[in-house]
Each structure stands twice: as structure tokens, then as C-alpha cells.
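Here is a briefing on a predicted complex. Please look over the sequence and the model before reading the points.

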Amino acid sequence: MNITTFIFILLSVISVGSALMMIASKSPVHSILWLIIVFFTISGHYVLLNAQFLAVVNIIVYAGAIMVLFLFVVMLMNLNAETEPIKNYRLQLVGILSGGSLLLLLVLALMKIDASHQVQMKVGDAGLIKVLGMTLFKNYVLPFEISSVLFLSAMIGAVIIGKKEEKSAN
Amino acid sequence: MLLAIDFALIIEKLILIVVVVSASLVIAMYTTFAERKVAAILQDRRGPNRAGPFGLLQPLADGLKLFFKEEIIPNFSSKFLFILGPALAMLTAVMTSAVVPWGDKVQLFDREINLQIADINIGILYVFGVVSMGVYGIMIGSWASNNKFSLLGGLRAASQIISYELAMGISLIALLMVTGTLSLKEMVVQQQAGHWNIIYQPLGFLIFLICAFAECNRTPFDLPEAENELIGGYHTEYSSMKLGFYLFSEYINMFISSVIMATLFFGGYDMPFVNEANFTPNIAAIIGVAALMTKVILFIFLFMWVRWTIPRFRYDQLMHLGWRILIPLALFNMLVTGAAVLYFNR
């Protein structure tokens with residue numbers, strides 16, 4: 001077993017383990033902290049695939065900004081295990097059913113995989129910033145700009161929702 | 001090979017890491033001393049002068065005192081997270097130093113040693129990522145304290161750092177348009193050959209500087225620990241060396257952000273008006289490190305000067321400055337820079 005495989009297995013164990021812990025832990029704050037660890041291990045996987053840019057952007061955007069906001073909201077609302085409402089039994093059943101069918105689908109898809117199409121470790125330059133920039137701004141510039149308009153509309157929507165609340169409070 | 005093992009290289013890097021981390025700790029230690037001395041000068045006092053000659057042993061005495069203080073962990077706090085908070089603050093503060101080029105190559109024992117722990121091609125983004133992690137130490141610690149004042153301090157820290165990260169990122173984009181590289185080493189090499197980036201990006205530097213003050217929680221942006229509103233802010237419940245770690249990580253952050261600003265905008269280890277090629281590599285490297293340290297000390301002095309000159313902002317003023325002034329200004333700067341780069345490169 002070479003060192004790359006070893007690191008891959010280590011990262012995978014940590015990421016799956018902390019993903020499970022994220023679901024299993026009672027306190028929302030602990031869940032968020034586990035999720036942050038998951039993001040870190042995913043960044044580790046990106047580095048193994050020679051995609052440093054994706055790795056660091058994953059950390060900046062997800063672990064650095066989105067998770068801080070999650071944590072912010074959870075801390076502000078002071079959610080903890082005692083205040084968590086007791087979930088409906090039927091809802092739990094539906095959750096298990098839908099999650100189980102997704103798992104079944106994934107397993108079926110994985111069974112069809114051709115062994116010759118394995119992921120190539122530490123080669124390829126698809127994740128490097130130069131290649132990524134060229135691809136995004138040359139080949140896919142239109143979808144990129146359209147998705148940015150989507151983000152803009154989401155932002156404006158958030159601002160409008162925030163404004164409305166202020167008015168009704170007055 | 002990406003992960004081939006070269007033991008000499010590992011030992012070299014390990015020594016470099018130990019040197020860099022301990023140097024930043026010692027510098028942070030003496031920055032606390034310098035802060036008190038600068039405050040004394042600005043307020044026409046004498047400052048600490050009892051421990052050792054000119055009070056030079058004062059940081060050691062302070063550290064010793066913190067170590068001997070009683071450890072108090074609040075009854076209802078989550079013990080693991082309570083300890084994790086200051087540890088994370090310290091860890092993220094020190095981690096940034098990994099990609100900083102401290103100097104040029106040194107020749108020692110027939111080896112060429114780069115005075116940089118890791119020259120990764122996304123250097124500045126790495127710094128940005130680690131800085132954005134820094135807020136977790138404060139947030140986790142403040143939440144684990146189970147104290148309303150701590151929690152308020154932590155929430156303030158989170159919203160402040162996220163708000164100012166945006167303007168900082170946009171001002172960095174303008175800089176990256178000029179340099180065309182993300183590697184800090186390459187940026188310094190470019191500035192050695194040409195002009196310092198401050199000439200091309202004066203507005204960008206100003207925005208970056210203000211945001212750096214906010215990210216380090218320094219006055220006038222030290223809302224998370226505003227003592228007359230929040231007792232002690234996020235570290236109200238902390239005592240002993242855990243409190244020391246929080247205070248200390250602020251000084252390390254200050255040191256590292258000074259280094260980053262010197263590297264990005266003021267030529268890093270480049271000594272102005274001196275051609276480094278005239279000297280042997282080792283002497284050139286020593287001159288480089290000395291030049292970088294001089295710039296860093298000037299920046300640290302600026303941090304302190306501002307602290308004792310400008311009073312703390314109110315919270316709405318802070319948000320107004322971040323969202324309504326700095327971000328539009330940074331966007332304007334980016335637009336102008338983009339147009340200029342497009343025009344002159346044609």
C-alpha cells in the first residue's frame with residue numbers, strides 16, 4: 001500500500017465517520033462542527049486529485065463562510081438538545097423510506113461501474129486555477145454568467161425579505 | 001511524484017517550521033511588551049520598567065503569571081469545546097505562516113534551503129482560507145462559555161469577520177489582476193524586479209489595511225471584546241493560560257497580517273535601492289529577512305498607533321463602513337484595475 005492510498009483511506013474513514021456523527025449528534029452545534037470536519041476531509045480529497053484550487057475554495061466558501069453563518073444562526077437561536085421538538089413518527093418513517101431508496105439507487109449505479117474507469121490519483125490538471133479559469137470563462141462563459149444572475153436574484157430576494165420585516169416591526 | 005518522501009527535505013522543513021513558529025511566538029510576546037510601551041509613550045507615561053533592564057523581562061513575567069493562575073471551567077459549559085476554542089484560535093493564528101516567503105535561498109551544508117515552508121501555487125488563497133477559519137476559535141469558545149456576554153462577543157466577531165472578508169477578498173482580486181499569480185513567492189520576485197505593488201494598488205492597500213484591522217479584532221474594530229459593553233467579550237469566562245492563548249493569538253494574527261501586507265504590497269523581503277545580486281546568497285538572504293522584519297515592525301507600530309489614537313466604533317458604524325463604504329470602494333477599485341490591465345496589456 002503506497003502512501004497515497006493510505007491517505008485516501010484515512011481521509012475517507014474520517015469523512016464518512018464525521019458525516020455519520022453529524023447526523024447522530026443531538027446538539028445542532030455539534031452537528032455543525034462535525035460537518036466542518038467533513039468539509040476539511042473533502043478538501044483533502046481534492047488535494048489528492050491535484051485540485052488545490054477547488055480544495056482551498058471549498059474551505060473558504062463552505063467551511064469559512066457558510067458554516068460560520070450556520071453556527072451563527074444556531075447560536076443566536078440558542079438551539080440545543082432540550083429545545084429540539086419531538087419528531088413525528090410518520091415523518092421519521094417517510095425519511096427512512098426516501099433515504100433508503102436513494103441509497104438503493106446509488107448502490108445500483110455503483111454496481112454498474114466499469115473497473116477500467118478508475119479515478120486517477122495525483123495526475124491531471126483539471127482542478128488547477130489556470131485550467132479552471134480558462135474552462136469557465138471561455139468554454140462555459142454563458143452558463144457561468146447565467147448562474148451569476150441567479151445568485152444576484154437570490155441576493156436581491158434576501159434583501160427584500162429583510163427589508164419587509166423591518167417595516168412591519170415599525 | 002506528488003507524495004514522494006525525501007527525508008532530508010522533511011528534516012529541513014521541520015527545522016524551518018520550528019524556527020518560524022517559535023520566532024512568531026517570541027515576536028508576539030515582545031509585541032505585547034511593545035504595545036504597553038507604545039501606549040505609555042502616546043499617553044506620556046513610562047510604561048512597564050520594573051522587570052529586567054527597561055522592563056524587558058515583562059512578557060516573561062506576564063506569561064509566568066498566566067501559567068500559575070487558577071484554571072476555571074464554568075459548570076455548565078461543554079468542557080471539550082471550552083478547551084478547543086483557545087486551541088483553535090492559536091492554531092489558525094500560527095498556520096498562516098506556512099506560505100510566507102521569509103527570505104531568499106540560503107546555502108547551508110551543500111543544500112539550497114528556501115526560506116519558505118511551502119511554496120504552493122495558491123498561496124494567498126491558503127492565507128485567506130486559514131484566516132476565515134480563525135473565527136471558529138472565538139465562536140466555539142464563546143458558545144462553550146455558556147455566558148450571554150461571551151455569546152454576544154462571539155456573534156459580533158463572526159458577523160464582523162464575515163463582513164470584512166468580502167471587501168478584503170475583492171481588494172485582493174484587484175491585486176491578483178495586477179500580479180497574475182497567487183503564489184506569494186512569485187509576487188515578491190516580481191516586486192523585486194519591478195515596482196512595489198503599492199504603486200499600482202494604493203486604494204486596494206488601504207481597503208486591505210482596514211479589513212486587516214477588523215480581522216485581527218484590533219481597535220477601532222475590537223467590538224467582540226468591548227469591555228465597557230460586554231465585560232470581556234468572548235473571553236469573559238476564560239482564565240489562566242486559556243485566556244493567555246486568546247490574547248496571544250491576537251498578537252500573532254497582528255504579526256502575520258503585517259507580514260502578509262508587507263509581502264503583498266511592500267515587496268516582501270525586497271530591500272529598496274539595493275541590488276541583491278551583488279552579495280553572496282547567504283548575505284542577501286540575511287538582508288532580505290532584515291528588510292522584511294523592518295517593514296513588519298513598522299506595520300505593527302501602525303497597529304498600535306491607531307489603537308491609541310482612534311476610539312472604538314459603534315456597532316452600526318462598523319457595519320456601515322464595511323458594507324456601504326468598503327465593499328463599493330473595493331468593487332470600484334476592481335473595475336478600474338481591470339480596465340487599466342486590459343488597456344495597458346493591449
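Residues are numbered from 1 along each chain as its sequence is written, while chains are lettered from A and ligands numbered from 1 in the order in which they are written.

**Confidence**

- The predictor gives the complex an ipTM of 0.78 and a pTM of 0.83.
- Chain B has a mean pLDDT of 83 (pLDDT is the predictor's confidence in each residue, from 0 to 100).
- In chain B, 98% of residues reach 70 or more.

**Chain B: fold and dimensions**

- Chain B holds 12 helices and two strands (DSSP runs, numbered from the N terminus: H or I of at least four residues for helices, E of at least two for strands).
- Read from the N terminus, the order of elements is α-α-α-β-β-α-α-α-α-α-α-α-α-α.
- Along the principal axes, the C-alpha atoms of chain B fill a box of roughly 60 × 50 × 50 Å.
- Of the 346 residues of chain B, 44% are buried (20 or more other C-beta atoms within 10 Å of the residue's own; exposed means 12 or fewer, partly exposed in between; C-beta atoms are placed from the backbone).
- Take the contacts in chain B between residues at least 6 apart in sequence: 79% join residues at least 24 apart (contact means C-beta atoms, placed from the backbone, within 7 Å).

- H5(B), residues 148-179, has 32 residues and spans 46 Å from first C-alpha to last, close to the 46 Å expected at 1.5 Å a residue (the expected span is 1.5 Å times one less than the number of residues).
- Gly180(B) follows H5(B) and has a positive phi, near 75°.
- H4(A), residues 89-111, has 23 residues and reaches 33 Å, close to the expected 33 Å.
- The number of buried residues in H4(A) is zero, so H4(A) lies largely in the open.

**Interface of chains A and B**

- 19 residues of chain A contact 21 residues of chain B.
- Helices H1 (3-24) and H3 (52-77) of chain A each supply at least two residues of the side that touches chain B.
- H3(A) gives the largest share of that side, 13 residues.
- The side of chain A that touches chain B has 14 nonpolar residues, four polar and one charged (nonpolar: Ala, Val, Leu, Ile, Met, Phe, Trp, Tyr, Cys and Pro; charged: Asp, Glu, Lys and Arg; polar: the others, Gly among them).

Terms used
Predicted model: local features only at pLDDT ≥ 70, side-chain atom pairs only at ≥ 80, totals over all residues. Contact = placed C-beta atoms within 7 Å.
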